[in-house]
Amino acid sequence: MSSLQSRLLTFGIGVPGITAVILAFPHMNHILFNLLAVVFIWLGAKETVKLFSMKGIQVPGVIPFCAALLPAIQWLIIRGLLPQISIEYFTALTLMIILAIEVFRQEEKSLEGALLRSAASFFSFIYPGFFTIFATRITALPHPGIRLLVFLLLVFTNDTAAYIFGSLFGRRSRKLFVASPNKSIVGFVSGFLFTILIAMIINFFLPYVFSSVCRTVLAGVLIGIAGILGDLAESVLKRSALIKDSGDLFPGRGGILDSIDSIIYSAPFVYLIFSTIV
């Protein structure tokens, strides 16, 4: 099976699966979706830790667990079970834990790597954990199920269109970015335009999602740009670690980070658009 076929197969299974989760279990601010987010962030943070370990930088094993708690804490805030400031306090506490781990090291020589370990630990906590809280916040807005699906559909449209058209027609326009030389201008433009097109179609049938044509176009533009940047940013991390994929969980796509890079990068922009709609 070719990479394109594997990718389309994963897309064909994953999209109906996540759609079923969102539509069939809207209870308690989409608790099942948020539980999946916790699991995905835990696995994604573990892959991030693995990237650093391949550069000889060891991140404490507690960090992926802390990262996974971020969407969980945000959900508890939405449910009124924790105060609004909990995310800030938890982030500060995690940073304190990271620094405290370095304080209690016994070997003087190990202090030489404290700066890199601390930076790697905090990065592994923030990426992808912090970005994901914006996706969780969508579940507190009006029409959360539809808006989650629209958000994911636009990200998947951008990613899939860029991959398909880039693979078929973009060979002469590649090597635009050193981090991902197989990405092409044709792919970027195709993904960008298809994202705006699908957003416009959604606005025609479901006008309450974006509320105006201007917001619809803005959503398509922001997701088109953020999705591409998210993919490229993760490529930079993988290239630095000298690996092709962050994992092998999904055929044709790689690991968790390979699958959610565009989603987590786009989430803050999408939430901003949805949350400002009156």
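**Rings and helices**

Author: Ring pairs join Phe 52, Phe 123, Tyr 127, Phe 131 and Tyr 265 into a cluster. Rings of Phe, Tyr and Trp (its six-membered ring) pair if their centres lie within 6.5 Å; planes under 30 degrees apart count as stacked, over 60 as edge-to-face and the rest as tilted. This is a predicted model, in which local features need pLDDT of at least 70 and side-chain atom pairs count only at pLDDT 80 or more, while totals for chains, interfaces and linings use all residues. Residues are numbered from 1 along each chain as its sequence is written, and side-chain values use heavy atoms, with hydrogens and water left out.

Reader: Is the pair of Phe 52 and Phe 123 stacked or edge-to-face?

Author: A pair of aromatic rings is described by the distance of the centres and the angle of the planes. For Phe 52 and Phe 123 the centres are 5.9 Å apart and the planes stand at 80 degrees, so the pair is edge-to-face.

Reader: How many residues apart in sequence are the parts that this pair ties together?

Author: Helices are DSSP runs (H or I, at least four residues), numbered from the N terminus. Phe 52 lies in helix H2 (residues 27-53) and Phe 123 in helix H5, so the parts tied together are apart in sequence by 71 residues.

Reader: Does Phe 52 count as buried or exposed?

Author: Buried means under 20% relative accessible area, exposed over 50%, and partly exposed in between (1.4 Å probe, protein chains only). The relative accessibility of Phe 52 is 18%, so Phe 52 counts as buried.

Reader: And what does Phe 123 count as?

Author: Phe 123 has a relative accessibility of 32%. Because of this value, Phe 123 counts as partly exposed.

Reader: What is the relative accessible area of Phe 125?

Author: Phe 122, at 27% relative accessibility, counts as partly exposed. Phe 125 is buried, and its relative accessible area is 0%.

Reader: Which residues is Thr 157 in contact with, leaving aside its neighbours within four places in sequence?

Author: Thr 157 is in helix H7 (residues 144-169). Contact means heavy atoms within 4.5 Å. With neighbours within four places in sequence left aside, Thr 157 is in contact with Phe 194, Thr 195 and Ile 198.

Methods:
Helices (H or I, at least four residues) and strands (E, at least two) are DSSP runs, numbered from the N terminus.
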